[in-house]
Structures are given as C-alpha cells and as structure tokens.
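Please look through the structure shown below before reading the questions.

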Amino acid sequence: MSELKTVDNKNGRDKKLNIFMWAFMVLGALFTLFLIWKKDFYMENSDIASDMILGKLLSQEGGILSKNWFYSTELHVIHTQLVYKLLFYIWPDNWLMVRLAAAVIFLILIVSSFLFMTRALGLEKEGLLAASILTWPFGQWYVRIVTFGQSYVTYFIIAFISMGLFFRAVQGKKRLIYAVLLAIISFAAGLGGVRLLMICYAPLFATSLVVVCFAHFAGFAGWRGAKEFGTSAKAAFIYALIPFVFSCIGLGINRKVLCEKYHFQDQFRETWRDFSFSRILDTLSDSLTLFGWHAEVGFVSWQGLINCLNFLLIVGIIISIIFVYRKFWRFQPIVQLFLVYTGMLTLITTVVLSCSNKYYSYYWLPVIPYFLVILGIGVFNAGKDGIREIPEDKADITNSIPENTDDNGTKNKTVADYIGNYRNVVCGLIAAAIAFASVSVYADPNPQDQYQDYAITDAIEWLKNSDYEQGFGMFWSSNVIKALTNGRIDMHTVMDIDHIDDITSEYPWLQEVRHTEELPEGRFFVIVSARDYDFGNQSSAMIFGMSDHLVYGSDSAYIYGFESMDDFVNARNALW
C-alpha cells in the first residue's frame, strides 16, 4: 500500500508540474502581448516595420510576392507578410492591432511546431518546459527579432516542423508522407533564400554524415549491434538528404529565376575573415547572454539583481549541456540523434559567425530553443540511470557507464539525484529567472544597437497630429513613421537628404519600387535625424540652411515642410 501511495504522489506531482508549465506558457504569452501593446510606439523601427508595410502592400495587390517592393537580402516567400496581409483585411487602419493579432498567431505556431518536434523525440515534458519559456519576452534581442519584431518567427516555425518530420521519418512512421512533406517545405524555404539552409538543413545533413561515418566505424570495429545502428544511420542520411537537396533546388531557382523578376540583394556577397579562437569564445559567450542578460544596467539596481539570477540560469544551462552529453549513451537513439544535430548546429553556427565579416549576436537565436530542450533533458533526467535500458548485446557500441555505487552495491546519492528529487522546485526557479528577466526587458525593451533610432518618437508624435501625408527621410527614420501613423504617411527612403528631387537618391531597400519611378506631388516634409546628421555642424547638410521651412525642431530631429517639390528645389537653389 505504501509503495502504491508513493507512485500516486509522484504522479500527482508530475500532473501539477504539467499544469504549472502550461499556465506559465499562457502567462508568458499574455505578458508578451501586454509588452507589445504598451511598448509598440517605442520599440518599432524601420527594419521591423518593413514587413508590415509589405503586408499592407500585398493586401492591396493580392498574391504572396510583389514586384513593386525592394526586398532585403532574402525574397520572403513564406514569411510574416502573408499573415499581415490577411489581418490588414480585418484592421486596415490599425497597425498595432495587426501586430498584436499576428503575435497571437505566431506564438501559437511556435509552441505547436516546437511540441511537434519534441514529441517526435519522446521528450514531452522537456519540450513543454522549453516551449513555456519561448512565450516569454526573456531577452531584448529575442523580443526584438522573434516575438515583437517577428523577423525570425517563420524560421523558427519552419525549422521545428522540418525537424519534427525528420525525426518521425527516421523512426519509420509514415516515411513516404513525411518525406514528401519535407521536400515541399524545404523547397519553399529555399525559394526564399539561404537562411533556412544554413540554420536547419545543412546542419541536419552534416549530422547525418557524422552518424553514417560513426556507423561505418562501428562496423569496421566489429561492435555488436553495429548492423542495426547502420540501418538507422542510413535512414537518417536519406531523410536529411531530402530537405538538403530540395532546399538547394529552391535556392537555385531563387538565384537564377526569381532574382530576375523580383528585387532583392544577394547574400552570397558575404566574405570570410581571419580565423580567431578568441572570437570563437566571444561568439559562444554571446549565445548565452541571449537568455536574458541585460547590459547597461546599474550594477547595484533591481535589474542588476535580476542579472545575478539570470547568471544562475546561464550556469544551469551550461551544467545541463555538460551533464546531458556525458550521459549521451544512456538516451534513446532518436534523442542521441537530436543531441548530435544540436552539437553540429552549434559548431557550424560558431564557426560561421566567428569567421564572418557580418555578425550580430542575435544570429544565435535559432539555436536557443535547442539549448532549452537540453536544459529540460537535464532537469527531467537528473538522478535517473537514463531514459532507456541498454541491451547487453549493444554494450560495446553504447559504452555503458557504470553506476556510482559503494562496496555493498548501493547507489550513492549525487547532486543529480538531489536535483531530480526536487525538479519541481528547479522548474520553479527557472520560471522565476525567466519571468524576472522578462520584467527587466519590459522596463527597457530596446537592445543596444547602433543602427536603431529611438529618439525621434516625439517627432513622430508631432507628425501623427499633422496633416502631412507624404514625407522623405533616411532609412531608420522612414518606415517607422509609416508604421506608427497607421500607413497614413507615405514615406520615401532616401540616401541623400539634400537631393530628394533626384530619383536616383531613393534607397532601393525595403520600400516600394514606385518611389524610384515618380516623385510625390503636393505638400510633403523632410525629417532629419540627429542619428544621421550632426546638428552642431550646420554645413553637414544643406537643408539646415532652409530655416524658413522648419516646422518642428528638437534635440533628436528637425522637420522641414514644403508645398511642392518645386518649393524644395527653389529653397535649395537659393542657398547656392
């Protein structure tokens, strides 16, 4: 009876933990939506706003791609603009509502696709813990790029679905269906550009090669169980090859066909830089700071104290990684495959980012969810002998690790046993670290980024209350104005603020192509930001001499108004 009671207590504890994780997930999603609602005006920037502008354009034109748009380095075939387009039919003049509704949709898709992947691995609890974290705004860059900005959200979703299909196919479940779906999804991903090939399909193919090589070595060494392992390795190779090949085919069409019809730049212009071990260490460190570390806060402040808690979370992640890979041979083969994939993804990401001339710390974001899965594996398998019993006939190939026992054969208690016994408490501490980090992000949501311009919000507020419907500005002042005025003000992005009458000064980047074909008619304004020009040096721009046309001025921005393009040209020519 006492043994039965213990089992019931354990089941009850696990049930409560599941309820807690689901509740934590929902609370995180609600907090993310609250952050977007309250901070949208101060977090929006021209890069993020461009996808919404494209979505609005597509709602007017129809279709999924536009020839009237300058894309960036990727042709977004399956991307956020498709959701924005549909939502603009519902809220054509409320861009904040469109962003909030899109956030709800994408959070649901992130969680669903992520659980689809982890359940294929048999990691239901581990996946649930990680998924509950992904709904929280725990890091400035995570909020900026994924949950608020939504720039990477489709990459997350497509990668999770692809990996879920791959793991199911390898295990022999409806292989033909999963293979066809993998081919279709990877082909569509390749049409958009090289990113998903780099963050998903190439590392997956590299993983399969590692597994095949190990299987070949096991056969060469004559290990028992090598034949069965070799069969699984061949399946992994086949189902990794399919998305790799089809994504390459899609990428080939992108570079040879679609580039002739649509406007986007080539990512293959990037170059390698010199190799450096110090940069490798710095790059790896950047990956861990994305878990909520908040830079530029007071050392002795409430946000500084939250950093201390966050430091413990980072240490916990590192310990989990070490623990899990030390116990590698005690996991199910499909979990081992996942761990090899995560290792290859981390290795490739580290080398590429540390040796690339173009690097931002947020490039690590696609790897972060897999680290969270490993954290979950560490938490839920601490104190266990492993998640599977190792057959004796495979002892050689799995290299079973003997138990930590005393002379009487009794298993000694370890730190792992302690964590396993109090895993609910550990999960609570992880949740607390994530929640407090999210509160810190809410207080200061914008990461330190030299390319952003947050100081012009007062000028945008003034423009919202004006009757201007057309304007000119440099990139970081342009698209954000259109987004925060609900599309009322049509902004031209230019490269030279003094020659806006020259169509060639229009910037061919994340704006409508028609802006390079025709100049606006009627009244317009020109916004000059302190980020782009030196207000203390009036000779840095000719427009500073047009003081008669100054309609707004502050420490962060000047706005000049003109009745027509001829009015601007005459005012400029008068300075010569």
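The questions and answers below go through a few places in this model.

This is a predicted model, in which local features need pLDDT of at least 70 and side-chain atom pairs count only at pLDDT 80 or more, while totals for chains, interfaces and linings use all residues. Residues are numbered from 1 along each chain as its sequence is written, and side-chain values use heavy atoms, with hydrogens and water left out.

Q: Is Ser162 buried or exposed, and what is its relative accessible area?
A: Ser162 lies in helix 7, residues 153-170, where helices (H or I, at least four residues) and strands (E, at least two) are DSSP runs numbered from the N terminus. Buried means under 20% relative accessible area, exposed means over 50%, and partly exposed is in between, with a 1.4 Å probe and protein chains only. Ser162 is therefore buried, because its relative accessible area is 1%.

Q: Which residues is Ser162 in contact with, leaving aside its neighbours within four places in sequence?
A: Contact means heavy atoms within 4.5 Å. Once the neighbours within four places in sequence are set aside, the residues in contact with Ser162 are Leu182, Ile185, Cys200 and Tyr201.

Q: What is the relative accessible area of Gln150?
A: Gln150 sits in the loop between helix 6 (140-147) and helix 7. Although Gln150 is not a glycine, it has a positive phi of about 60 degrees. Gln150 counts as buried, because its relative accessible area is 0%.

Q: Is Asn486 buried, exposed or partly exposed?
A: Asn486 belongs to the loop between helix 19 (475-484) and strand 2 (490-493), and its phi is near 55 degrees, a positive value in a residue other than glycine. Because the relative accessible area of Asn486 is 33%, the word for this residue is partly exposed.

Q: Which helices do the buried residues of helix 11 pack against?
A: Helix 11 (residues 277-289) has 13 residues and reaches 19 Å from its first C-alpha to its last, close to the expected 18 Å, where the expected span is 1.5 Å times one less than the number of residues. Its buried residues are Arg279, Ile280, Thr283, Ser287 and Leu288. These buried residues of helix 11 pack against helix 12 (302-326), helix 13 (333-354) and helix 14 (368-381).

Q: Is Leu429 buried or exposed?
A: The place of Leu429 is in helix 17. Because its relative accessibility is 55%, Leu429 counts as exposed.
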